[in-house]
Each structure stands twice: as structure tokens, then as C-alpha cells.
Amino acid sequence: MTKNPIRRSLASLVAISLSFSGMAQAAPSAAPALIGTEQAAAAQPGRALLERTLTRADVIAGLQERGVSVDAARARVAALTDAEAAHLAAQIDQAPAGGDVLGVIVTIFLILLVTDILGLTKVFPFTRSVR
């Protein structure tokens with residue numbers, strides 16, 4: 001009989017706690033807000049630069065000459081972390097204007113090749129995954 005009053009008290013305490021927990025709200029300034037696509041793209045300038053680079057005709061032609069599909073390259077850019085995308089975009093920004101497109105293409109090719117060897121993707125048929 002002694003367990004019954006303890007259970008009732010505990011059940012009442014839990015019920016009251018649950019009813020008051022619905023009243024607790026975060027401060028209005030801490031409430032998350034939805035952001036638009038434009039704001040998300042602006043927050044990732046490196047990724048946006050890489051995507052713009054992959055839409056250029058000369059880059060597409062260079063990738064196709066080396067047997068890399070543009071869709072595979074776009075998928076690889078999408079798979080990059082924000083830090084990797086920013087680093088690659090910084091390399092593109094530091095390249096001489098119009099003079100080192102080949103270097104950018106080789107960099108993208110090497111990134112694709114390394115991820116292929118690591119087994120993260122399968123773009124090139126001549127690589128063997130380490131996994």
C-alpha cells in the first residue's frame with residue numbers, strides 16, 4: 001500500500017511537469033528562421049564560384065577532352081565540404097586571369113581522381129578503390 005501513494009505523487013509530478021513544459025518557449029531572437037536559396041548561396045561563395053566555373057564552355061570542353069563528364073564534376077563539387085570548396089575557390093581566384101584555366105581543370109581532375117581512389121565515387125574506370 002505504500003507504493004500506491006508514491007506512484008500517484010510521482011505521476012502527478014510528471015503530469016504537471018509535462019503540462020508546464022509546453023509553456024516554455026525560446027526567446028524570439030533565438031527562434032530559427034528560414035532562409036532563401038539566394039541567402040544560402042551567398043553564404044557559400046566558394047561553392048557558387050565552382051558551380052559558375054563548371055558552366056563555362058572552355059571548362060566543359062577541357063573536362064570532356066580529359067574524359068570527365070560535366071555531371072560527374074558537378075556531383076564532386078556538390079560533395080565537397082565548405083572548407084574544401086572555399087580552398088579550391090581561393091586557388092581559382094589567385095590564378096592569373098584567363099591564363100591558367102588548365103590548372104583549374106587539372107585541380108578538379110585531381111580531386112576527382114583522389115576521391116575515386118578513396119572509394120567515395122566511381123567516375124574513372126581505370127582506378128581501383130582502396131575500400
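A salt bridge here is a side-chain nitrogen of Lys or Arg within 4 Å of a carboxyl oxygen of Asp or Glu. The legends below describe a predicted model.

**Figure 1. The salt bridge between arginine 56 and aspartate 58.** The side chains of these two residues meet with an N to O distance of 2.8 Å, which is within the 4 Å limit and therefore counts as a salt bridge. Arginine 56 is partly exposed, at a relative accessible area of 37%. Aspartate 58 is also classed as partly exposed, its relative accessibility being 38%. By the same rule, the count comes to 4 salt bridges.

**Figure 2. The salt bridge between arginine 74 and aspartate 71 in helix α5.** The closest N and O atoms of this pair are 4.0 Å apart. Because arginine 74 and aspartate 71 are 3 residues apart in α5, about one helical turn separates them. Arginine 74 is partly exposed, with 36% relative accessibility, whereas aspartate 71 is exposed, with a relative accessible area of 58%.

**Figure 3. The salt bridge between arginine 76 and aspartate 116.** Here the side chains meet at 3.1 Å, N to O. The pair links distant parts of the chain, with arginine 76 in helix α5 and aspartate 116 in helix α7, 40 residues apart. Both arginine 76 and aspartate 116 are buried. Side chains of opposite charge can pair when their charged atoms come close.

**Figure 4. Threonine 115 in helix α7.** Threonine 115 has a relative accessible area of 17%, and because buried means under 20%, this residue counts as buried. Beyond its neighbours within four places in sequence, threonine 115 is in contact with Arg76, Leu120 and Thr121. Arg76, one of these contacts, is the arginine that forms a salt bridge with aspartate 116.

**Figure 5. A nonpolar patch on the surface.** The patch is formed by Val114, Ile117, Leu118, Leu120 and Val130. Together these residues have about 440 Å² of accessible area. Leucine 120 is found in the segment after α7, the helix that spans 101–117. Its relative accessible area is 53%, and leucine 120 is exposed. In soluble globular proteins, nonpolar side chains tend to be buried together.

**Figure 6. The largest nonpolar core.** This core has 19 residues, of which Leu50, Leu54, Leu63, Ile108 and Leu112 touch the most other members. At least two core residues come from each of α3 (45–53), α4 (57–65), α5 (70–79), α6 (82–94) and α7. The largest share, 5 residues, is supplied by α7. Leaving aside its neighbours within four places in sequence, leucine 63 is in contact with Leu54, Val68, Ala73, Ile105 and Ile108. Among these contacts of leucine 63 are Leu54 and Ile108, which are also listed with the core residues that touch the most other members.

Figure 7. After α4 comes glycine 67, whose phi is positive, near 80°.

**Figure 8. Alanine 78 in helix α5.** Alanine 78 counts as exposed, at 55% relative accessibility. Its C-alpha atom is separated by 9.5 Å from that of leucine 50, 28 residues apart from it along the chain. Leucine 50 is one of the core residues that touch the most other members.

**Figure 9. The protein as a whole, for orientation among the close-ups.** Buried residues make up 24% of its 131 residues. Its accessible surface comes to about 9400 Å², and 63% of this belongs to carbon and sulfur atoms. Among contacts between residues at least 6 apart in sequence, 54% join residues at least 24 apart.

Terms used:
Residues numbered from 1 in each chain as written. Predicted model: local features only at pLDDT ≥ 70, side-chain atom pairs only at ≥ 80, totals over all residues. Heavy atoms only, no water. Patch = residues over 30% accessible without salt bridge, like charges linked within 9 Å, V, L, I, M, F, W, Y side chains within 5 Å. Areas by Shrake-Rupley, 256 points an atom, 1.4 Å probe, with all protein chains shown as cover. Helix = DSSP H or I, 4+ residues; strand = E, 2+ residues; numbered from the N terminus. Buried < 20%, exposed > 50% of the residue type's maximum accessible area, 1.4 Å probe, protein only. Core = buried A, V, L, I, M, F, W, Y, C linked by side-chain atoms within 4.5 Å. Contact = heavy atoms within 4.5 Å.
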